Amino acid sequence: MARRWMEARMSDADFLNTTNNPHGLTRRDWGRRALALALASWSLPMAQAQMSVQGASSADAAKGPRWQTDPFGLGVASGQPLPDSVVLWTRLLIAEADAAHKAQPQTVLCEVFADEALRQPVRQWWVQTDASRAHSVHVIASGLQAGRSYWYRFVSGSATSPVGRTRTCPGDNDKVAQLRIAQTSCQHFEQGYYVAHREIAKRDVDFVLFLGDYIYESSNPRYMVRKHIGGVPQTLDEYRQRHAQYKGDADLQACHAAHPWVMTWDDHEVVNDYANDQDMKYTDPQVFLRRRAAAYRAYFEHMPVRLGPDPAQPHQMRIHDQMRWGQLADIWTLDCRQYRSHHACPDPNRGGGRVVVGCTELRDAERSMLGSAQEQWLYPSLAQSTRRWKLVAQSTQMSSSGIATPQGRSSFTDGWDGYPVARERFLNTIAQAQLKDVLVLGGDVHMNVAANLRVRPNDDKSPIVASEIVTTSISSRGMSETLLAHIRDNNPDIVHARSDERGYTFVQVQPSGVLAQMRTTPHPAMEGSRLQTQAQWALASGVPGLVKA
Ligand code: FE
Ligand code: CA
């Protein structure tokens, strides 16, 4: 997979070299270049022809369509930062009044500035988009300086987008004082307002880490402060509509415009509790993979991520990745859905996760949450990491949440408890490499959890090898506190767990330690809800185990 990254980055550079025009671009040149763009070979997965230009002005772009309705209604976003580049995203949402422009390819100008007042242009790109990609725009904004903020916007004809702010990573070997992450997951649109995003947008963070369940395919009539448009999405157009509805939220837009996002997904981006090629209804895998391909494609079209679905295998899309934050931290973002083994001991009538007792299949060594290729990619780089903090970002809870019953201990098969041998492989990798300062960051379970991780969960003879912070949901409802009390009683490794509040977790990483501040509110069913700090947990470098702060 590293090779594909290299190809992606080289292709970008090669393409820019052949089309970059240091002397500026006249309108006539532009016509010829537009043709070249349209004919450019699409060597990247979902690659989009982009061309670096200098001296292009908004006036050039303004020669495009005269829009009746603002096409930038979904806002702007940035993501997957590197020391020298970041992805800049928008999507033209073309209204019925402008339908005449829908069928034609549209050329969009992307401008990057060094200052908030937009007085110091840095780089500009022309990008071509069309209906085949839902008029989405992904610019790989390269040639940037490490560890600094940039401002950006898009221009199409008479319309100019809102301005976004983004930030590059520090240089790979830079000594940095801190990394500030807003850790987020699970934003069911119907179940609450995005007051957490509103707060994050105003806060100084280096990036937003989103750990999955960006959209939800399904509804729950018991908790509904606003409604999804349409039913459960199955087709590309239906997933596009769902993503567009979520992106229409002003608080979510503000949070995207304020910070770059680093993302992975969980199940609801496709459908609840899917595992690899299997859904809960045991749909024919060939049929389900077509739905997964539609969901992945719509996801790519709406997210500031570098790679889209593989054109040869459109049901596959690489989302797992590794990034560095100077000498301070290595960060892995994992994919816990696309490659996982099917659920163990499933109900033959209704698939997906469930609570099981006495399921011997759970101990099958072949079972994997990440798939063997992702495990083989992760373990060596984790074991060899020389950076102070090793942050492993993945979608769900890694610590055990089983309960003792007369028949044995229960396991919820959709989480890491459903893949206990794979969890041991991960934790053994850390133990054998004698790594210190490993922190797992999770989401999915709609509750705040602080826990310590041992190769043998809850066994105090098995040393703590890592710790875990799971963030509560932005808006999705959590489990009952009564059930959670049983889970806490049965799992001494869990030092904090609360399922009754929504929000996000502010994670401040410094060489000496990590502070996780859980910012929450009771269910945000009122637009004016405010967050407060539910709890703070800290890790000191070199010292295993979370401490209340
Ligand atoms: Fe969720
Ligand atoms: Ca989930």
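## Strand pairing around L441

L441 has I469 in β21 as its bridge partner. Strands β19 (residues 438-442) and β21 (residues 464-470) pair in the parallel sense, over four bridges. Pairing requires at least two DSSP bridges between the strands. Strands are DSSP runs of E, at least two residues long, and helices are runs of H or I of at least four; both are numbered from the N terminus.

The model is predicted: local features need pLDDT of at least 70, side-chain atom pairs count only at pLDDT 80 or more, and totals for chains, interfaces and linings use all residues. Residues are numbered from 1 along each chain as its sequence is written, chains are lettered from A and ligands numbered from 1 in the order written, and side-chain values use heavy atoms, without hydrogens or water.

## The sheet and its helices

The open sheet has seven strands, ordered β13-β14-β16-β19-β21-β20-β22, with mixed pairing. Neighbouring strands are turned by 20 degrees against each other on average, direction ignored. Axes here are lines fitted to C-alpha atoms, for helices over the stretch in contact; angles run from 0 to 180 degrees between N-to-C directions.

Helix α8 (residues 372-384) packs on this sheet. It touches β13, β14 (329-333) and β16 (389-393), and its direction makes about 170 degrees with that of β14. Contact means heavy atoms within 4.5 Å. Helix α9 (residues 420-432) also packs on the sheet, touching β16, β19, β20 (448-454) and β21. The direction of α9 makes about 130 degrees with that of β21.

## The calcium site

Four aspartates coordinate the calcium ion (ligand 2): D213, D266, D267 and D444, each through OD, at 2.2 to 2.6 Å. Donors are N, O and S atoms within 2.8 Å of the metal, or 3.2 Å for Na, K and Ca; water is not among the atoms, so sites may look incomplete. Along the chain the donor spacing is D-x52-D-D-x176-D.

D213 also bridges to the iron ion (ligand 1), which lies 3.8 Å from the calcium ion. D266 and D267 are both buried, meaning under 20% relative accessible area (1.4 Å probe, protein chains only).

R240 sits in helix α5 (residues 236-247). It counts as buried because its relative accessibility is 11%. Its side chain makes a polar contact with that of E301, at 2.7 Å. Such a contact is a pair of N or O atoms within 3.5 Å; within protein, one must be able to donate a hydrogen and the other to accept it, and residues adjacent in sequence count only if both atoms are side-chain atoms.

Helices α5 and α7 (residues 285-302) pack at about 35 degrees, axes 8 Å apart.

Methods. Buried means under 20% relative accessible area, exposed over 50%, partly exposed in between (1.4 Å probe, protein chains only).
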